[in-house]
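Here is a briefing on a predicted model. It covers open space and helix packing.

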Amino acid sequence: MRVILAGPRGFCAGVNMAIQSLETAIQRFGTPIYVYHEIVHNKWVVDRFRRLGVVFVDDLNEVPEGAHLMYSAHGVHPGIRRQAAQRRLRTIDATCPLVTKVHREAIRFAREGYSIILIGHQGHDEVIGTMGEAARSILLVGRAEEVDTLNVPDPDKVAYLTQTTLSLADAAEIVRRLRRRFPNIVGPPKDDICYATQNRQEAVRQLSARADLVLVVGSRNSSNSQRLTEIARDQGVDARLIDGPADMDPAWFTGIETVLITAGASAPEELVAGCVRWLEERFPTDVEPATVCVEDVHFALASELR
Ligand code: SF4
C-alpha cells in the first residue's frame, strides 16, 4: 500500500503558540490552571493537558477568584474578558493573532458605521468571539442562500469578514453572492481565511486525486479538519475523519492501493505517525511525503508569558 503524507499538515503557528503558552504557564504557575473552552479543538491535546492538571471550563463561575485563566487559540467574546476582570482572574491570552486580526477588523468596520456580514459557522468559538466585538452591527451567514434574506439598514455600507478556518471555495461562493446583492460591499484588507487553512486545503486538493482513500486526522469539533474531509469528498475520493489510529478499521482498506493522510491544524504529528504505524503493521507499506508548500510562520508566546 502506498501512503502519501500530505504537507503541510497538522499543527499551525497559532496552535503551536497556544500549546507552548499553556505548557509555559503550567511550569511557571503550577496547577490547577484554568482554560476557557478547549485550548485547541483536539481531544488528544485536551486529554493530555487534563492529565497534567489543567481544568477546562465553559463558565467562569467555575474558576476560583484570583486563579490563572487562559483564553484558547479561538479567542473569546469581550463579555468573558469583562467577567474575568470582575472576578480578578489572572488572564493569559493565547488567542491566535490571526483571530485577533478578525476581531480588530470587526471593531473597525463597526466604528465606521458598516453593517458587517460574518461568513462562518454558528456556535463555533471563534464566531462567538468575533460577533461579540460588534454585536449590534454583525450578521452571520453560513450558506450562500442565506445572503438573499439578509436585512441591512444601508445596502451601500456593508462589509464582510470570514471565520479563519472556512473552506476557500464555499467562502468564495458566498462572497460572490454578497457582491451581487451589495455591489459596494468591502472586505478585509487581507484574506481572513488563514494561511494554515489555505495550505492544508490546497495540499488535499492537489494530492487526493492520487488516492483511493483520504484519512484526515482531527477531532469532530475541529472546523478546519471537517473542511479537509469535505474537500477530499468533493474531489470524489472517500474520506474519513479520525481522532487517531484507534478509530481505524481494517475493513476500510479492502481494495485500497493508495491512502492520503493529512491532519487538521490542531492534530499532533504523533497521531499521524500512529496511523502510519497501524498501516505498516497490517500491510506492506511504502510511505511517500508530498509537500505542496513550505510554511515558515511562528507566533510569540502569549504576551503575559513573554
Ligand atoms: S488555524 Fe489559522 S487562525 Fe486557527 S489557530 Fe491556526 S493559524 Fe490561527
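What volume does the largest pocket have? The largest pocket has a volume of about 160 Å³. The model is predicted: local features need pLDDT of at least 70, side-chain atom pairs count only at pLDDT 80 or more, and totals for chains, interfaces and linings use all residues. Residues are numbered from 1 along each chain as its sequence is written, and side-chain values use heavy atoms, without hydrogens and water.

**Pocket**
- A pocket is an open set of points on a 1 Å grid over the protein atoms alone, with protein on both sides within 12 Å along at least five of seven lines; lining residues have an atom within 4 Å of a point.
- Volume is the space filled by probe spheres set on the points.
- Among the residues lining the largest pocket are M17, D93, R104 and R306.
- Helix 4 gives the most to this lining, with 3 residues (helices are DSSP runs of H or I, at least four residues, numbered from the N terminus).

**Cavity**
- The whole structure holds 1 cavity of 30 Å³ or more (a cavity is a set of points where a 1.4 Å probe fits but cannot get out).
- The largest cavity contains about 280 Å³ of space.
- Its lining has 23 residues, and C12, V15, H74, T165 and N224 are the closest to its centre.
- Helix 7 gives the most to the lining of the largest cavity, with 3 residues.

**Helix packing**
- Helix 4 (residues 97-111) and helix 5 (residues 125-133) pack at about 30 degrees, with axes 8 Å apart (axes are lines fitted to C-alpha atoms over the stretch in contact, and angles run from 0 to 180 degrees between N-to-C directions).
- The two helices are therefore roughly parallel (angles under 35 degrees).

How values were computed. Parallel < 35°, antiparallel > 145°, perpendicular 65-115°, else oblique.
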